[in-house]
Amino acid sequence: MDDRAELRRLTEVLTGPESSPGQWFAASAALYELFLRISGFNEKEEAFRRDVQMPSGKALGPVWAAFCLKDAIRTRIFLRGILKALEAARHRFPGTPIHVLYAGCGPFATLMLPLVPLLKENSAVFTLLDVWPENVQSVKRLIDAFQAESFVREIAVADAVRYRIDPNGRAHVLVMELLQAGLSKEPQVAALANLAPQLLPGGIVLPERIRVNAGLLHPGKDMRRMTDPDWAGQDVFRLLEPGFTLTADPDDWQSFLRGEERIIHLPANRDPAYNRLCLFTALQVYENECVETWESALTQPLLLKNLEEPPQATGIALRYECGVAPGFRFRLL
Ligand SMILES: C[S@@+](CC[C@H](N)C(=O)[O-])C[C@H]1O[C@@H](n2cnc3c(N)ncnc32)[C@H](O)[C@@H]1O
């Protein structure tokens, strides 16, 4: 089987409605090996393991950005969401190829290249950005090897937080995964604030919605969840309101930029077994394509504090901070 046929086969497994979770993981690992071999990307290079500190957060070293592909459920849901968003954009903007701005493409353009065998000629064209020149070079080699040039408008070394879109070629769709659990460390918020307003009116941003809530985790139930395959238990954690929601709506991302503080009360009659105060992240990539708690590295709960008995706090004040170390900050009330 030639490489392009293999790419199609693996994408169909990874995105297909019938395949099993085991098959998604095997397909994403095989895609990783395929891209590694064809791009010649050197995953042993020490310099590619170091993150780069940008004014708006960290840019992962290329080795770690490449590994994101193996976060199989995340990759599956993003690819399925992008396919659906392209379909929706075709209805919204008929008669023109859909221009997708893909910020933070990493060395494998993981959220674009696997889709190429499924796209019709002239249906979509991508602008790809990354701050690492090595990532851009690796993606150029892959585009050549898979003869995907007709789907590429531009590949550039650029900072997504400052990038200005050519006003004559504004994009219909923005795809970006510059994030970690709790929107910490990486510049998703700052990049969204820069790029979303530059899309064409009616443009689509993916992920559509990122929700972060404080919540209380039951460590005993969490242990059973991890160790007992027969346990169908639920109610392992309880989310607290109000949460934070990041979308392309300026009201949402501006409240992150302003660092607006929200007061979250702990329930007065709370079950003391729910004693881990955590941040919970969930992604709605597009419509019903969602990545829920524990399904990805991006949606692992982040521990804020072990709560003591008798309770030392009635609640927390939570706010987001942009800058070199983006993330949520909290204080006990
Ligand atoms: C989490 S990785 C995701 C890689 C790939 N898109 C995927 O989903 O598998 C984020 C990528 O964004 C790039 N990046 C981080 N900050 C950036 C910025 N300010 N502008 C452009 N690219 C950035 C990193 O270099 C890295 O390649």
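Which residue in S14 is the bridge partner of Leu 277? I looked it up and found Lys 305 in that place.

Before going on, I noted that this is a predicted model, in which local features need pLDDT of at least 70 and side-chain atom pairs count only at pLDDT 80 or more, while totals for chains, interfaces and linings use all residues. Residues are numbered from 1 along each chain as its sequence is written, and side-chain values use heavy atoms, with hydrogens and water left out.

**Entry on strand S12.** Strands here are DSSP runs of E with at least two residues, helices are runs of H or I with at least four, and both are numbered from the N terminus. Two strands pair if DSSP finds at least two bridges between them. I found that S12 (residues 276–286) pairs in the antiparallel sense with S14 (residues 302–306) over 4 bridges, and in that sense also with strand S8 (residues 209–217) over 9 bridges, where Asn 213 stands opposite Phe 280. With strand S13 (residues 289–291), S12 has 3 antiparallel bridges, and there Tyr 286 has Glu 289 as its partner. S12 and S13 form a hairpin with 2 residues between them, and Glu 287 in the turn has a positive phi of about 50 degrees.

Of its 11 residues, 10 are buried, and Cys 278 has a relative accessible area of 3%.

**Entry on the open sheet.** I followed 5 strands in the order S5-S4-S3-S6-S7, with parallel pairing. Strand S5 (152–157) and strand S7 (204–206) stand at the edges with a single partner strand each, so one side of each has no neighbour in the sheet. Within this sheet, S3 (residues 98–103) and S4 (residues 124–130) pair over 6 bridges, and Ile 98 stands opposite Ala 124.

**Entry on two helices.** I compared axes, which are lines fitted to C-alpha atoms, for helices over the stretch in contact, with angles from 0 to 180 degrees between N-to-C directions. The axes of H2 (residues 21–39) and H4 come within 9 Å and cross at roughly 85 degrees. H2 is therefore roughly perpendicular to H4, a label for angles of 65 to 115 degrees. In the contact (heavy atoms within 4.5 Å), I noted Trp 24, Phe 25 and Ser 28 of H2 and Ala 72, Ile 73 and Arg 76 of H4.

Terms used. Parallel < 35°, antiparallel > 145°, perpendicular 65-115°, else oblique. Buried < 20%, exposed > 50% of the residue type's maximum accessible area, 1.4 Å probe, protein only.
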